[in-house]
Amino acid sequence: MKITLVLPILLSLAVTALLARDLQKKPTSPAPAQPPASVPVEPEPVRYTMADCHLHLVDFLQRTDGAAAALRAMKKSGVTDAVVSGMPLVKQWSESEPQQPQYYLEDDARCYWYSATDMLVAREIQALPEADRKHFHPIICGFNGADRNAVDHVRRMIEWNPGFWQGIGEVMTRHDDLSALTYGETPQANNASLHRIYDLAAELDLPVFVHSNASSVWKREPIYLHEFEEAVMTHPKTKFVWCHAGISRRVDVPTLMQEIDRLLATYSNLSIDISWVLFDTYLVKDGKPVAEWLSLFEKYPARFIIGSDKVGRFHDYAPVMQRYYLLLDAMKPETAKRIAHDNILAILPKQGAVLKADALPAEARQSAPVLTR
């Protein structure tokens, strides 16, 4: 009788031990979607000349493989030009976390605004040989769009690096999980503080790249679209790029294509960046381009641009950019050429921004401290 009782207990303990051992072998988080940085991914033979409209030179810890590494990856992939920005946020390593997070979603710690990111980008690009700098088109991003002081940072960057900056962005406004993890109020694309930046951008002929979610992860209607549309509508002289067409992870808007059609028909100052998750969740299904989206590209061949949205690491740059071959192959050759390369260069200014002598508003000049160098 005692043996009958003991055997099931021993068997249960043995099974538990085996399960515990197997669990220890498994990663505690999903495997990374890309190989380690030490393993480069070889590109396909180049079939299209491309320009990257969306490249972050640093990651959420402000680390980078470097502008030289980015350029090597670009050249191998057939990419002649890249619009490059820093990352306006840093992922905090909280005292309560035993491991340093490498990405903003890795734990529950907050993110904070980080203006020095623009200087990191400037240092990286300016350290390159002059012949290499021409491949990069740097843009300013290191500000909190909910802060009315933000425009002062943009002016300061231009003043410190005259003729260098060629745009503003990626302006982080509504960004689902990232917004939820960021200290302070969530910027909205129609904030008064951003209106001041849009005005300055128009004056200096700088395009503005805005991340503004069309909806939340809980809704399927474009409940936030009016925020971005108001910005575009009230600043007709400002060139806007809608990053990822207002889509992020888990943001699903079934009417997105119809909304884009309407926006492009209404606002001539708007272009659509089709990078990041938009590609896999909307543009391609079962390995084939979605016919309705191809029709939209052909309807507005001058209004769409492509990008990698790589963040500080460039070992797998080639497959991210060359995946667009699937779409480009299905377009008319002239449309493919424009979307792959020409459209983004047409948006950029002919030269970097330089402030006019009276660029600072009178009220700001009166209260501004005297800076010595």
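Biologist: Which residue in β5 is the bridge partner of Ala-82?

Modeller: A word first: this is a predicted model, where local features need pLDDT of at least 70 and side-chain atom pairs count only at pLDDT 80 or more, while totals for chains, interfaces and linings use all residues. Residues are numbered from 1 along each chain as its sequence is written, and side-chain values use heavy atoms, leaving out hydrogens and water. Strands β2 and β5 (residues 136-138) run parallel and are joined by three bridges; strands are DSSP runs of E, at least two residues, helices are runs of H or I, at least four, both numbered from the N terminus, and two strands pair if DSSP finds at least two bridges between them. In β5, the partner of Ala-82 is Phe-136.

Biologist: Why is strand β2 largely enclosed by the rest of the structure?

Modeller: Buried means under 20% relative accessible area, exposed over 50%, and partly exposed in between, using a 1.4 Å probe and protein chains only. Strand β2 covers residues 79-85, and it is largely enclosed because the buried ones number six of the seven.

Biologist: And which residue of β2 is the bridge partner of Ala-51?

Modeller: Strands β1 and β2 run parallel, with five bridges joining them. The partner of Ala-51 in β2 is Asp-81.

Biologist: Which side chains make a polar contact with the side chain of Asp-52?

Modeller: Asp-52 sits in strand β1 (residues 50-56). A polar contact is a pair of N or O atoms within 3.5 Å; within protein, one must be able to donate a hydrogen and the other to accept it, and residues adjacent in sequence count only if both atoms are side-chain atoms. Another, at 2.6 Å, is with the side chain of Ser-308.

Biologist: Asp-177 is in helix α6; what is its relative accessible area?

Modeller: Helix α6 spans residues 176-181 and includes Asp-177. This residue counts as partly exposed, its relative accessible area being 21%.

Biologist: Which side chain makes a polar contact with the side chain of Asp-177?

Modeller: Leaving aside residues up to four places away in sequence, Asp-177 touches Tyr-104, Leu-105 and Arg-250, where contact means heavy atoms within 4.5 Å. The polar contact, at 2.7 Å, is with the side chain of Arg-250.
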